[in-house]
Amino acid sequence: MKRLIERSRSVGEVLRWVTQNPGKVSASHYPIALHKLGQLLQQQQGQATVNGESRGPSQVLEQPEFQSLCQAIISGCSKFDNFSIVNCLYAAAALGLPGESPLVRVLEDESRSRLGRFNQKDVSMMLALCAQEANNKALEAIFSSQLFYENRQERFIRSMAEWLPRKAENLTPYTMALIAKYVARHRLREPRLLDTIANFLLKRGEQLDSKVIQKLVFPFSRMNYRPSNHSELFPKLEAILEQKAGSSPLATVNILMSMFQLSHFPQTVLHQVFSPAFITNVMSSPYALIVRRYLSLLDAAVELEFHDYSGPRLDPRYRVLMFEHALTADEANRKYSYKGLVAEALRQLVGEECYRQDEVLPPGYCTDFLLWINRSGTVLPLSRVPAASKAPPAHAATSPAAISLRSSVLALTSDLQVVLSVNDKWHYCQNSDILVGSRAMRDRHLRLLGYCLVQV
């Protein structure tokens, strides 16, 4: 039956094979038939265009035989395997069936009910062509799926950026927050999609709870992206926080940290956050310890980033360390994966040519990250360092360039012994404890990561 369908030369021939031989048609044959119909209809439409005719696919889709095919799929799809369901939906979308057609609705409902049992390939195919037809409820189901949430769907997010702006007004804050959470988790830095989230936040900010705002803002700071509407969005967020600062202390502090990382410093809100009333509210909440940790982090950010701030600061009595004890590198990587975060931060901040990871320097120093920073705080490319550490050829041994380069390498190694050591311990660095290169480098790290981790 599969060969007969694939060898068919007309739409009528495909429909006859399928509708007149129901006993020989299995679930796997239906997506093949729909796919073949799509190919033949495209050929017919192209031929009609060449001949100046106006014949379209709708005439075929209205035929009784095609309706019988659709009805057979609708009746039996609950018994289809996952692969057949996904391929039917894929073929129906390629065929041009509207989202409100009975066939597409039934296939979508069946797919939604099985979403937790689909593998990654199935999910990628259901999504690629059909999600743009999905409504708010369907998108909520997709982004609520644990299977989908755990897997990085980069191609889907890229295509989603094209059609999500048209749907944004009809999405609920909950659904948009799910999308923002997914994008942040997988670090999918798609500007059009991030700008859509920012526009949604700008239009609906006053109506949103602080916890929802926190989720919508987080992708921008996590990926160091200032949305195109930031000149309007940030002042609006500042005004909202002035009104809602005490309603959810942890959300308020997290939003402030996100804004700090994007170089916006809302002074009025900081006055509120460091006020006795806010601190009292924090101390009486069940999340007192975690909020105090983030307040301590925010206080360190003010010290490093906001030099013009002269308002109240966090009382030293309430300051706490981010971590209760020094963490070994293995423990940090296992629990927090900060090494990966720092590597990504360096890629965005200085570029891959200006740092190296897990480098061994003579006489045997192991470094997690190697940067070359001059006295003015500029990060220099490391491309010449490995060659310079080897013995130069005889004819170049006395050249001024070779001598200068070897001196630079020796100075670099010497500086690294001061800045980085090999005790293989991580700890949270606050205020003057931060030992990363230059002040400019420290500031950029803090903006992107919200905290700095170095080896000491």
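Helices (H or I, at least four residues) and strands (E, at least two) are taken here as DSSP runs, numbered from the N terminus. The structure is a predicted model, in which local features need pLDDT of at least 70 and side-chain atom pairs count only at pLDDT 80 or more, whereas totals for chains, interfaces and linings use all residues. Residues are numbered from 1 along each chain as its sequence is written, and side-chain values use heavy atoms, with hydrogens and water left out.

The protein chain contains 24 helices and six strands. Of its 456 residues, 48% count as buried, a term that means under 20% relative accessible area, while exposed means over 50% and partly exposed lies in between (1.4 Å probe, protein chains only). The accessible surface of the protein chain amounts to about 22900 Å², with 50% of it belonging to carbon and sulfur atoms; these areas come from the Shrake-Rupley method with a 1.4 Å probe. When contacts (heavy atoms within 4.5 Å) between residues at least 6 apart in sequence are considered, 70% join residues at least 24 apart.

Helix α9 comprises residues 136-144, and its buried residues include Asn-136, Ala-138, Leu-139, Ile-142 and Phe-143. They lie on the same side of α9, because they cover an arc of only 160° around the axis, the arc being that of the directions from the helix axis to the C-beta atoms. Lys-137 is also found in helix α9.

Two residues with their relative accessibility are set out here.

| Residue | Relative accessibility | Class |
|---|---|---|
| Lys-137 | 63% | exposed |
| Ser-248 | 9% | buried |

Ser-248 lies in the loop between α15 (230-244) and α16 (249-261). Apart from its neighbours within four places in sequence, Ser-248 is in contact with Ser-210 and Lys-211.

Ser-210 also takes part in the packing of two helices. The axes of helix α14 (residues 210-222) and α15 come within 12 Å and cross at roughly 150°, where axes are lines fitted to C-alpha atoms, for helices over the stretch in contact, and angles run from 0 to 180 degrees between N-to-C directions. The two helices α14 and α15 are therefore roughly antiparallel to each other, the term used for angles over 145 degrees. The contact is made by Ser-210, Ile-213, Val-217 and Phe-220 of α14 and by Leu-233, Leu-237, Ile-240 and Lys-244 of α15.

Technical notes:
Parallel < 35°, antiparallel > 145°, perpendicular 65-115°, else oblique.
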